[in-house]
Amino acid sequence: MTIIHLPVMSGEVIEILAPHRGGIYVDATVGLGGHSEMILSQVGQDVKVVGLDRDEQALQRAAQRLNDSRVLLKKGTFSQMEQVLNAEGIHEADGILLDLGVSMMQIKDPIRGFSFLSNERLDMRMDNAQLLSAWDMVNTYDEQELVRILREYGEEYRAARVVRAILSARAKKTIDTCAELADVVFRALGRSGRTHPATRTFQALRIALNSELEELRLGLEASLRMLNKGGRLCVISYHSLEDRIVKNFIRDSAKAGMVNQLTKKPLVPSREEMRQNPSSRSAKLRGAEKL
């Protein structure tokens, strides 16, 4: 499977991180390595980029793409960042990037079970070593828990209706594939507008399954501890739940005198970037410098 990967807001990322010779930079969601490649291109040989990802397949592809002695790739989540870096003898960083977008490699690969267009088994695990999958949640969680997940992580105001449809469908047989779940939601809600009615349901299940918001909170805290004085944090979020956490964290850290806000308002992609890379259209970038 060939995937054309365009790193989101790469120019703005470089502007915020301002990489320099001798620096250590952490790409905490290295994915296919696009942002790391940009950082490496900005400086000479005297730089180190540490790429983290919880997805083994992403790390393998990043290694093929980057193939650079200045790069260290390690498996890990945001919450494991300090542990992983410290184990490599790295205790401070000059810049940390958190790109919160779901990897196109995961979305486009039907076997990973992220897309409601897929006829493969419901999965949505960012780390294939994780035991719990979206199939388990959809087919075993009780009504109250499913409603909570859809409301909290999908902001689905029709969560109760969706969950009643899920419970009715799985009483007859298990809901096995992404397409089956999408069809259940479609029949429950109908279609209005351009967005598929299952979008919020799939987002909610993915966020809950992978503990994305908790990982983000822990990753922001770990980043602040890991950055040296003058080190810079750059975060790209893609929906309001993520952006609210990032905005509040940077604002509160600035009030506490720990950081200087580099972006009073979030930066967004240019019209040209959105035309070339439609998946960037919801991106919001915020930056801060540690004091």
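Contact, in what follows, means heavy atoms within 4.5 Å. With that cut-off in mind, and remembering that this is a predicted model, select helix α8 (residues 159-172) together with its surroundings: the buried residues of α8 pack against α6 (134-140), α7 (143-154), α9 and α10 (199-209).

Stay with α8 and colour Ala-159, Val-162, Val-163, Ala-165, Ile-166 and Ala-169, which are buried. Viewed down the helix axis, these buried residues fall within an arc of 155°, so they line one face of α8. An α-helix has 3.6 residues a turn, so residues three or four places apart point the same way. Turning to the other side of α8, you will find Ala-171 and Lys-172 exposed. If you check the length, the 14 residues of α8 should span 20 Å at 1.5 Å a residue, and the end C-alpha atoms lie 21 Å apart, which agrees.

Next, select the strands. Seven of them form an open sheet with mixed pairing, in the order β3-β2-β1-β4-β5-β7-β6. At the edges stand β3 (71-75) and β6 (259-261), each with a single partner strand, so one side of each has no neighbour in the sheet. From one strand to the next, the twist averages 20°.

Within the sheet, look at β1 and β2, which pair in the parallel sense over four bridges, and where Val-26 stands opposite Val-50 in β2. Five of the six residues of β2 are buried, so this strand is largely enclosed by the rest of the structure. Then move to β4 (residues 93-99) and β5 (residues 227-237), which run parallel and are joined by six bridges; here Ile-96 has Leu-233 in β5 as its bridge partner.

Helix α1 (residues 10-17) lies across β1 (24-27), β4, β5 and β7 (284-290), running at about 160° to β5. Helix α3 (residues 56-66) also packs on the sheet, where it touches β2 (48-53) and β3, and its direction makes about 170° with that of β3.

Finally, select the largest nonpolar core, which has 84 residues, and in which Ile-96, Leu-98, Leu-122, Leu-181 and Leu-220 touch the most other members. Helix α9 (residues 178-189) gives the most to this core, with seven residues. Which residues is Leu-98 in contact with, leaving aside its neighbours within four places in sequence? Among them are Ala-28, Phe-78, Met-81, Leu-216, Leu-220, Leu-233 and Val-235.

Notes: Residues are numbered from 1 along each chain as its sequence is written. This is a predicted model: local features need pLDDT of at least 70, side-chain atom pairs count only at pLDDT 80 or more; totals for chains, interfaces and linings use all residues. Side-chain values use heavy atoms; hydrogens and water are left out. A nonpolar core is a set of buried Ala, Val, Leu, Ile, Met, Phe, Trp, Tyr and Cys residues joined through side-chain atoms within 4.5 Å. Buried means under 20% relative accessible area, exposed over 50%, partly exposed in between (1.4 Å probe, protein chains only). Helices (H or I, at least four residues) and strands (E, at least two) are DSSP runs, numbered from the N terminus. Two strands pair if DSSP finds at least two bridges between them. Axes are lines fitted to C-alpha atoms, for helices over the stretch in contact, and angles run from 0 to 180 degrees between N-to-C directions. The expected span of a helix is 1.5 Å times one less than its number of residues. The arc is that of the directions from the helix axis to the C-beta atoms.
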